[in-house]
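Please consult the sequence and the model below.

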Amino acid sequence: MDGKLDLLEIMRQRRSVRSYTSEEVGEEQMKKIIQAGLLSASGRGIRPWELIVVKDKDTLRKMAQCRDHGAAMLEGADAAIVVIADATKTDVWTEDCSIVMSNMHLMASSLGVGSCWIQGRLRVSAGEDSTEEYLRKLLGFPENCRLEAILSLGMPESVQNPREVTGELWGKVHREVYGKE
């Protein structure tokens, strides 16, 4: 394939990366990751999402407290992209935002950038607030916008082996009716 990775190979190599080096994610890499999110499919083309790109180290440290566990990697990240949506625009905003997150996650991997999907919706902060309210106070997004997730970004400390589609995974495929392989 002319030395390029195909999409399935990118998916095999994609991993959630929680440990980053001090190397910065390049501006061109960030732009491509953001573009991948902006080009995402959306129900009825409504595109209810908004992206908040955070690079400030103090803000990233504070964001690491947005969940009672599972967000600590933000403290060592070079950047984060917070995905929110105007929930008044469509009832499928969570699905639309999930596509944005997935596209950015895959693009980061294809560029050699480590990323981790940090679920925000329906989670609680280390304090008394929900993750959404904690981040709303910190980042200033309006009440009509709801939090889906955060994508942490940084150059990976290590690279893991690609995943394989095993027999166990193939066992999750049903043909015509449930239970028939």
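Arginine 146 is partly exposed at 31% relative accessibility, where buried means under 20% relative accessible area, exposed over 50% and partly exposed in between (1.4 Å probe, protein chains only). This is a predicted model, in which local features need pLDDT of at least 70, side-chain atom pairs count only at pLDDT 80 or more, and totals for chains, interfaces and linings use all residues. Residues are numbered from 1 along each chain as its sequence is written, and side-chain values use heavy atoms, with hydrogens and water left out.

- Arginine 146 meets glutamate 132 in a salt bridge (3.0 Å, N to O), the term denoting a side-chain nitrogen of Lys or Arg within 4 Å of a carboxyl oxygen of Asp or Glu.
- The two lie 14 residues apart, glutamate 132 in helix H5 and arginine 146 in strand E4; helices (H or I, at least four residues) and strands (E, at least two) are DSSP runs, numbered from the N terminus.
- Glutamate 132 is buried, with a relative accessible area of 10%.
- Shared partners join Glu132, Glu133, Arg136, Glu143 and Arg146 into one network of salt bridges.

**Other salt bridges**
- The structure holds 11 salt bridges.
- One of them pairs glutamate 148 with arginine 121 (3.3 Å, N to O).
- Glutamate 148 is buried, at 3% relative accessible area, whereas arginine 121 is partly exposed, at 24%.
- Another pairs aspartate 129 with lysine 137 (2.8 Å, N to O).
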